[in-house]
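Here are some notes on the model you asked me to look over. They are numbered so that you can check each one against the structure.

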Amino acid sequence: MAHGTDTSHGHGDTVVDHSHHAHVCSFQAFFGIYVTLLFLTFVTVAIAEPVSGLHLGSASMLVAMAVAAVKAALVMTVFMHLRWDTAMNNLAFLGSLIFLSLLFLFTLADHSTRQVADPIGGTPVEVKRFGQD
Amino acid sequence: MTTYVPDIEKAPEAGSRKEPSYLDVTKGFWSWAGTLDHKRIGLMYLVGVTAAFLCGGILALLIRLHLWTPDGAIFENAVYNQVFTLHGVFMVFIFIIPAIPASLGNFVLPLMLGAPDVALPRLNLASFYLWLTGTIMAIYSILSGAVDTGWTFYTPYSLQTQQAVVSMGLAVFTLGFSSIFTGLNFIVTIHKMRARGQTWFKLPLFCWAIYATSVLQVLATPVLGITVLLLAFEHLYHIGIFDPAHGGDPVLFQHFFWFYSHPAVYIMILPAMGVISEVVTVHSRKPLFGYKLLAFSSISIAVISFLVWGHHMFTSGESEFVMLAFSFLTMLVAIPTAIKEFSWVATIWGGSVALTAPMLYAIAFLIIFAIGGLTGVFLGTLSVDIHLHDTYFVVAHFHAVMMGSTALAFFAGVHHWWPKMFGRMYNETLAKISAILILVGFNVTFLPQFAMGSQGMPRRYATYIPEWQIYHQWSTVGAVILGIGFALMLGYLIHSLFAGRKAAANEWGGVTMDWESPTPPNLYNFDEEPVVTGELYDYGHGAKH
Amino acid sequence: MGHSTIVTPTPQGGFQTHTVAHHFKTAEQEFQSAKLAFWLFLATEVMLFGGLFAAYIYYHDVYPETFQKGGALLDWKLGALNTGLLLTSSWTMAMGVRASQLSQRKQLVWWLVATVVCAAGFMVVKYIEYSTKYHHGIFAFTGLFSPDDHYAPDLQGLAYPQLYFNLYFTMTGIHGLHVLIGMIAIAWLIWRGAQGRFHSGWYTPVELVGLYWHVVDLIWIFLFPLLYLVP
Ligand SMILES: [Cu+2]
């Protein structure tokens with residue numbers, strides 16, 4: 001039964017269970033992550049086109065999302081302890097991102113290939129794209 | 001191997017039990033309404049989903065009677081739209097999605113794991129009340145003006161019709177979260193509550209099926225939740241996300257809807273497959289053929305089901321490129337599905353098969369599921385689907401999968417675990433008659449629908465051309481046979497609760513842990529904490545009992 | 001089955017003892033079950049918000065100019081301020097969980113109070129932003145979308161400008177609702193924490209609310225650049 005120190009198992013006994021040990025982060029680790037997150041927020045704002053006027057074109061959104069992904073990874077691994085958590089808890093949470101990416105993948109694949117009626121073979125036919133009135 | 005004969009003489013006497021059964025341990029309304037016991041919650045679901053099935057079934061019968069004549073015999077056209085919508089909503093969201101996991105799964109899963117309860121009993125009760133709330137909201141939507149969109153709520157029509165779409169959307173949202181919490185609870189239960197010695201490959205296949213189902217419930221249902229929420233906003237405030245009049249794309253609604261609703265088909269069929277695995281092995285007294293293949297095929301069906309939703313949208317204006325991709329990926333589903341069908345047949349082959357009532361239901365499942373599965377391949381084929389889309393062929397196909405397979409597996413499971421649940425046995429002769437009536441009735445109902453669907457009879461129409469009348473009339477006759485079969489079943493099951501003979505301790509000679517508990521089980525299921533030592537599905541050992 | 005009552009070790013100093021629920025064999029089993037369940041719940045939150053993000057990216061692709069001009073009407077300074085507030089609250093929450101793991105009763109309460117204060121600040125900023133938009137006719141949930149021309153001259157002639165703002169209000173609205181729910185949960189933790197309910201032997205609710213709060217933060221990390229800094 002319990003992995004505790006108390007081994008008497010009679011009816012109605014109270015057993016103290018010492019089996020639970022968790023990882024505790026240091027103040028420095030948490031504070032370091034916090035400062036890094038603020039710094040990355042500053043980076044996000046500083047390179048954003050509406051603020052800085054930097055013209056990165058289509059890469060602009062990708063860079064912003066990449067920085068956000070780094071921030072998210074820091075929150076998940078350290079603040080949420082995923083780095084020290086079980087494989088199953090990691091899978092439960094990160095698995096959702098994989099399935100979510102399927103929703104993104106097919107929905108956007110549909111949208112971005114809708115303008116040609118025959119993308120595979122034959123003569124492509126231009127059709128009106130949704131949103132172009 | 002010989003056929004198992006239950007030791008009816010040694011049926012457990014009330015006095016011989018160490019502890020009272022879960023049915024006797026407490027009495028009164030609140031001992032049920034406030035219970036945290038997975039078995040009582042399972043039974044409350046069983047009553048609830050059966051009532052929903054009854055409502056949906058009566059609506060189905062009305063639809064079939066209406067279609068007796070080409071001009072429609074009963075309803076105004078607009079009322080007909082409401083009737084088939086209610087039939088769909090009741091059968092899909094209120095009956096079939098919770099049917100097997102929430103009722104049979106709740107009852108059997110902890111028993112199969114040798115556990116005293118699910119991991120989160122309070123959440124379990126909460127999901128039941130969410131289900132009840134969602135059902136009441138759905139009934140409210142019916143009374144406050146009814147919904148006539150079909151269970152798919154496609155925009156833009158669903159935005160122009162009655163306001164009741166809003167409350168129906170919120171009902172589906174609530175039912176969705178009930179389903180999510182049940183699935184979440186079962187995943188945790190399977191991970192954390194297994195008996196000592198019960199490794200993953202000593203899990204009965206019903207547990208694997210429930211696990212795969214739960215993954216779908218947890219990952220797919222939230223997308224339905226946000227979709228119906230946005231639909232309600234759209235209807236109330238015209239936010240434009242799905243409304244072409246405000247710049248939205250109705251095809252995006254369909255992407256979101258089917259991202260859930262295709263996996264939802266597997267939320268329905270996977271637990272059914274689990275039930276059939278258990279019934280087939282017990283009543284053939286033979287270990288399942290290809291255990292690991294069956295287990296992994298459940299998981300792979302769950303994963304592939306996220307890759308194929310676009311096959312519902314071949315005529316909706318998605319791009320040709322994704323149509324080809326979805327059509328190809330849809331074919332992949334056939335592989336694990338066929339593995340299952342062949343494994344069951346191979347399990348029966350050479351076994352000492354007892355043609356009991358649960359086994360007859362399971363055999364009916366195997367026949368109808370083969371029809372339903374194969375016609376799915378037709379519909380997944382892009383070019384063929386352009387012709388068959390939105391015809392009675394589709395109607396017949398998904399009824400073969402949902403009703404002819406999932407509902408039949410549900411009833412196979414109900415008959416299989418009935419003696420364990422109540423300690424009473426139903427009249428087996430009547431049960432066999434009703435199983436045969438349902439098998440015959442199903443095929444008389446839906447084979448003509450395949451035929452007229454392939455000739456172009458569109459679904460959801462209140463009227464039709466006279467050339468199809470003969471098909472429709474056969475279909476209606478079949479529906480009446482089905483109705484008689486189900487009414488008979490309801491009759492003898494209720495009768496057995498009061499007058500059925502006492503069930504044997506192990507009525508079918510099952511060898512998984514659900515059959516090791518006292519019959520009916522104790523409040524915390526077992527007399528002693530079970531430990532798994534032997535092989536799974538070992539009938540050589542079990543037959544000596 | 002399981003007749004003996006299992007309790008977790010309780011440190012000295014007025015802490016309350018936790019009894020393990022009867023259907024669990026060990027305290028570890030109880031803790032890990034709750035945690036796995038909560039991670040799965042958080043996965044459903046990811047999927048739920050994921051639908052909104054998918055819709056956003058889809059329409060951003062369809063109406064890039066509308067989204068750019070619409071995004072320019074949001075005040076990125078207020079958005080950045082809110083990002084800072086939520087990141088701070090995420091840090092104080094992490095410190096709160098740490099305090100409960102170390103059975104530091106007073107520190108736990110103060111870290112949690114700091115978290116709620118930051119969250120309240122976030123909601124105040126959100127209120128200012130919403131009411132500004134409302135006063136200028138940019139709040140389509142009232143049924144009328146009529147931006148005044150002095151405030152939003154750029155919106156004229158754009159395709160479906162309300163689509164951007166409705167996505168903005170829906171996404172931040174549902175996120176804001178999560179902030180409010182989190183504030184209530186943290187307030188409850190403060191109340192029970194002050195009574196000594198949480199300590200090294202049992203701090204499951206602090207851990208779980210902490211995880212929830214970090215997910216609220218995670219979603220905002222993506223919402224901020226998507227909505228306020230549209231290129
Ligand atoms: Cu499908």
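1. Which residues touch the most other members of the largest nonpolar core? They are B:Phe93, B:Phe95, B:Phe153, B:Phe410 and C:Tyr59, in a core of 293 residues. Domain 1 (25–83) and domain 2 (85–117) of chain A each supply at least three residues to this core. Keep in mind throughout that this is a predicted model.

2. Setting aside neighbours within four places in sequence, its contacts are B:Gly88, B:Pro98, B:Trp151, B:Phe153, B:Val172, B:Leu175, B:Leu224 and B:Tyr260. One of these, B:Phe153, is itself among the residues that touch the most other core members.

3. Next, the metal site. The copper ion has three protein donors: B:His262 through ND1, B:His311 through NE2 and B:His312 through NE2. They lie 1.8 to 2.0 Å from the ion. Along the sequence the donor residues follow the spacing H-x48-H-H. B:His262 sits in helix α8 (residues 250–284) of chain B, while B:His312 is in the loop between α9 (291–304) and α10 (320–348) of chain B. These two are 50 residues apart, so the pair links distant parts of the chain. B:His262 counts as buried because its relative accessible area is 5%, and the cut-off is under 20%.

4. Chain A has 4 helices and 1 strand. Read from the N terminus, the order of elements is β-α-α-α-α. Of its 133 residues, 39% count as buried. Among contacts in chain A with a separation of 6 or more, 33% are between residues 24 or more positions apart. The chain exposes about 7000 Å², and carbon and sulfur atoms supply 67% of that area.

5. Chain A is divided into domain 1 (25–83) and domain 2 (85–117). Their C-alpha centres are 22 Å apart. In the contact between them, domain 1 of chain A takes part with 4 residues and domain 2 of chain A with 5 residues.

6. How confident is the predictor about chain A, and which elements score lowest and highest? The mean pLDDT of chain A is 80, and 77% of the residues score at least 70. Where pLDDT is low, the predicted coordinates should not be read in detail.

7. For chain B the mean pLDDT is 91, and 97% of its residues reach 70 or more. Residues 541–545 of chain B have a pLDDT below 50, and this stretch has 3 contacts in the model beyond near neighbours in sequence.

8. A:Ala64, in helix α3 (residues 59–79) of chain A, is buried at a relative accessible area of 14%. Its C-alpha atom is separated by 8.8 Å from that of A:Val45, 19 residues apart along the chain. B:Ser178, in helix α6 (residues 164–192) of chain B, is buried at 4% relative accessibility. Not counting residues up to four places away in sequence, B:Ser178 touches B:Tyr45, B:Ser127, B:Leu130 and B:Trp131. B:Val440, in helix α14 (residues 428–454) of chain B, is partly exposed, with a relative accessible area of 43%.

9. Where in chain B do the cis peptide bonds from B:Thr155 to B:Pro156 and between B:Thr519 and B:Pro520 fall? The bond from B:Thr155 to B:Pro156 has omega near 0°, and B:Pro156 lies in the loop between α4 (121–143) and α5 (157–160) of chain B. The bond joining B:Thr519 and B:Pro520 has omega of about -15°, and B:Pro520 is in the loop between β2 (501–502) and α16 (539–542) of chain B.

10. Finally, two backbone angles to check. A:His81 is not a glycine, yet it has a positive phi of about 60°. A:His81 lies in the loop between α3 and α4 (87–112) of chain A and is buried at 8% relative accessibility. C:Ser103 is also a residue other than glycine with a positive phi, near 55°. C:Ser103 is in the loop between α3 (76–101) and α4 (105–135) of chain C and is buried, with a relative accessible area of 18%.

Technical notes:
Residues are numbered from 1 along each chain as its sequence is written. Chains are lettered from A and ligands numbered from 1 in the order in which they are written. This is a predicted model: local features need pLDDT of at least 70, side-chain atom pairs count only at pLDDT 80 or more; totals for chains, interfaces and linings use all residues. Side-chain values use heavy atoms; hydrogens and water are left out. Donors are N, O and S atoms within 2.8 Å of the metal (3.2 Å for Na, K and Ca); water is not among the atoms, so sites may look incomplete. Buried means under 20% relative accessible area, exposed over 50%, partly exposed in between (1.4 Å probe, protein chains only). Contact means heavy atoms within 4.5 Å. Accessible areas come from the Shrake-Rupley method with a 1.4 Å probe; for residues, only the protein chains shown count as cover. A nonpolar core is a set of buried Ala, Val, Leu, Ile, Met, Phe, Trp, Tyr and Cys residues joined through side-chain atoms within 4.5 Å. Domain bounds come from an automatic or database domain assignment. pLDDT is the predictor's confidence in each residue, from 0 to 100.
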